[in-house]
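Please look through the following protein chain with its sequence alongside. The text after it moves from single residues to the chain as a whole.

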Amino acid sequence: FRPDGRQIQDVIVSPDPQRQGFFHLDFPTSEDGQLGPYRFAATLPGAEPVLGETAALVEAFVPVRLEVTAKAAQACFRSWDTPEVLVNARYLFGQPAAALPLAVRGEYRRICFHSKRYPDHEFTDPRERSRSTFDAVETLLDEQGQAAAQLPPPKAEGAGLWEATVAVTVTEPGGRSVSTSVPVRVDVADRHVGVRLAG
């Protein structure tokens, strides 16, 4: 069935007796065919009840034309900082991706603190792996294809070290979306307490 719901083809196939009733069917698409979801329904010959159905999207191929890079404005943000992700996007032929929409999504996860100064100390956090989500941050790239997206801090109560894997997506109107990811760390504790067991 075409995306508009019209049935366009009726094909008789025979299940493979060696594969316990499975069958394979190729459906070639045409260059001037409708784009959208095509529906495939399986019935017995001459019967109306549908035994099963599936759908597949047929879309125009749009090549990737953008390159997107992102990095955290600093290695670790403190409780008084506003977490910020610096984004740069350009077309593959060199021009900046000016004024394109940008969306930043992610989720904070509580992680364990590690000290370079005291590598033999354990800073185990009982709330490790707890999560704090935030709504998507949406903005526009400037004329140079750049943006500084400010993220909300972790909402969960209690001090600790948080890390978010942030997905940065730039969308070309009428084209494709290109994404990249960047880690963002936020330390909302003034100090961390570690323990080293003697012997």
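Threonine 169 lies in strand S11, where strands are DSSP runs of E with at least two residues, helices are runs of H or I with at least four, and both are numbered from the N terminus. The model is a predicted one, in which local features need pLDDT of at least 70 and side-chain atom pairs count only at pLDDT 80 or more, while totals for chains, interfaces and linings use all residues. Residues are numbered from 1 along each chain as its sequence is written, and side-chain values use heavy atoms, with hydrogens and water left out.

Threonine 169 counts as buried, at 17% relative accessibility. Buried here means under 20% relative accessible area, exposed means over 50%, and partly exposed is in between, with a 1.4 Å probe and protein chains only. Leaving out residues up to four places away in sequence, threonine 169 touches Pro101, Leu102, Ala103, Ser177, Val178 and Ser179; a contact means heavy atoms within 4.5 Å. Strand S6 spans 101-105, and strand S12 spans 177-187. Glutamine 144 is 25 residues from threonine 169 along the chain, and their C-alpha atoms are separated by 17 Å.

Strand S11 covers 161-171, and glutamate 172 is found in the loop between this strand and strand S12. Is glutamate 172 buried or exposed? At 9% relative accessibility, glutamate 172 counts as buried. With residues up to four places away in sequence not counted, glutamate 172 touches Arg65, Leu66, Tyr91 and Leu100.

Alanine 99 lies in the loop between strand S5 (84-91) and strand S6. Most residues other than glycine have a negative phi. Alanine 99, although not a glycine, has a positive phi of about 60 degrees. Alanine 99 is partly exposed, its relative accessible area being 42%.

Leucine 51 is found in the loop between strand S1 (36-42) and strand S2 (52-58). With a relative accessible area of 62%, leucine 51 is exposed. Its contacts, not counting residues up to four places away in sequence, are Ala42, Thr43 and Leu44. Leucine 51 and threonine 169 are 118 residues apart in sequence, and 40 Å separates them in space, C-alpha to C-alpha.

Phenylalanine 27 is found in the segment before S1. This residue is partly exposed, with a relative accessible area of 27%. Once neighbours within four places in sequence are left aside, phenylalanine 27 is in contact with Ile8, Gln9, Tyr38 and Phe40. Glutamate 48 is 21 residues from phenylalanine 27 along the chain, with 21 Å between the two C-alpha atoms.

The cysteines come next. How many disulfides does the structure hold? The structure holds zero disulfides, a disulfide being a pair of cysteine sulfur atoms within 2.5 Å. The sulfur of cysteine 76 is 14 Å from the closest cysteine sulfur, that of cysteine 112, which is too far for a bond. Cysteine 112 is accordingly in no disulfide. Cysteine 76 is partly exposed, with a relative accessible area of 30%, whereas cysteine 112 is buried, with 14%.

The remaining values describe the whole chain. The protein chain has zero helices and 12 strands, and from the N terminus on its elements run β-β-β-β-β-β-β-β-β-β-β-β. A compact globule of 199 residues would have a radius of gyration near 16 Å, but the protein chain has 26 Å. That radius is taken over C-alpha atoms, and the globule rule is 2.2 Å times the number of residues to the power 0.38. Along the principal axes, the C-alpha atoms fill a box of roughly 80 × 50 × 25 Å.

Of the 199 residues of the protein chain, 25% count as buried. Among contacts with a separation of 6 or more, 63% are between residues 24 or more positions apart. The accessible surface comes to about 13,900 Å², and 50% of this belongs to carbon and sulfur atoms; accessible areas come from the Shrake-Rupley method with a 1.4 Å probe, and for residues only the protein chains shown count as cover.

The protein chain has 21 positive and 26 negative side chains, with the centres of the two sets 8 Å apart. Lys and Arg count as positive and Asp and Glu as negative, while His and the chain ends are not counted. The place of a charge is taken as NZ of Lys, CZ of Arg, CG of Asp or CD of Glu.
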